[in-house]
Amino acid sequence: MHGRKIEITFNGMKEMVPENTTIADLIKLTKEKDSGLIVELNNCFVFPQKYPEALLSDGDKVEFINPDFGG
């Protein structure tokens with residue numbers, strides 16, 4: 001993941017990430033550890049098995065949602 005950077009909106013903030021970053025890469029970059037993590041890419045749910053192939057593009061909007069299970 002070297003070279004050109006792209007701009008995405010991550011959890012409402014503009015961020016620069018390396019070109020060819022996947023959702024799986026973004027999870028590693030952010031050190032996200034929540035096993036119940038929900039990911040939206042451009043307002044669409046992404047299944048966890050798709051994270052390694054879900055390539056981010058310039059201008060994408062990514063949201064990490066950490067549900068609070070419990071009562």
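Glu-19 is partly exposed, with a relative accessible area of 30%; here buried means under 20% relative accessible area, exposed over 50%, and partly exposed in between, with a 1.4 Å probe and protein chains only. The model is a predicted one, so local features need pLDDT of at least 70 and side-chain atom pairs count only at pLDDT 80 or more, whereas totals for chains, interfaces and linings use all residues. Residues are numbered from 1 along each chain as its sequence is written, and side-chain values use heavy atoms, with hydrogens and water left out.

Glu-19 forms a salt bridge with Arg-4, and the closest N and O atoms of the pair are 3.1 Å apart. A salt bridge is taken as a side-chain nitrogen of Lys or Arg within 4 Å of a carboxyl oxygen of Asp or Glu. Arg-4 lies in the segment before strand S1 (5-10) and Glu-19 in the loop between strand S2 (13-18) and helix H1 (23-29), so the pair ties together parts that are 15 residues apart in sequence. Helices (H or I, at least four residues) and strands (E, at least two) are DSSP runs, numbered from the N terminus. By this salt-bridge rule the count comes to two. The other pair joins Glu-53 to Lys-50, with the closest N and O atoms 3.5 Å apart; Glu-53 is exposed, at a relative accessible area of 55%, and Lys-50 is partly exposed at 41%.

The loop between S2 and H1 also holds Thr-21, a buried residue with a relative accessible area of 0%. A polar atom of the Thr-21 side chain lies 2.4 Å from the backbone oxygen of Pro-18. Pro-18 in S2 is in turn the bridge partner of Lys-5.

Turning to the strands, S1 and S2 run antiparallel and are joined by six bridges; two strands pair if DSSP finds at least two bridges between them. The two strands form a hairpin with two residues between them, and Asn-11 in the turn has a positive phi of about 50°. S1 is also joined to S5, in parallel, by two bridges, and Thr-9 has Lys-61 in S5 as its bridge partner.

Two aromatic pairs are found in the structure. The rings of Phe-10 and Phe-64 have centres 4.8 Å apart and planes at 90°, so this pair is edge-to-face. Rings of Phe, Tyr and Trp (its six-membered ring) pair if their centres lie within 6.5 Å, with planes under 30 degrees apart counted as stacked, over 60 as edge-to-face and the rest as tilted. Phe-10 in strand S1 and Phe-64 in strand S5 (residues 61-65) are 54 residues apart, and the pair links distant parts of the chain. Both Phe-10 and Phe-64 are buried. Phe-45 and Phe-47 form an edge-to-face pair too, at 4.9 Å centre to centre and 85° between the planes, but Phe-45 is partly exposed at 45% and Phe-47 is partly exposed at 48%.

Finally, the largest nonpolar core has 17 residues, and Ile-8, Leu-26 and Phe-64 are among those with the most contacts inside it. Such a core is a set of buried Ala, Val, Leu, Ile, Met, Phe, Trp, Tyr and Cys residues joined through side-chain atoms within 4.5 Å. H1 gives the largest share of this core, four residues.

Notes
Polar contact = N/O pair within 3.5 Å; in protein donor to acceptor, adjacent residues only side chain to side chain.
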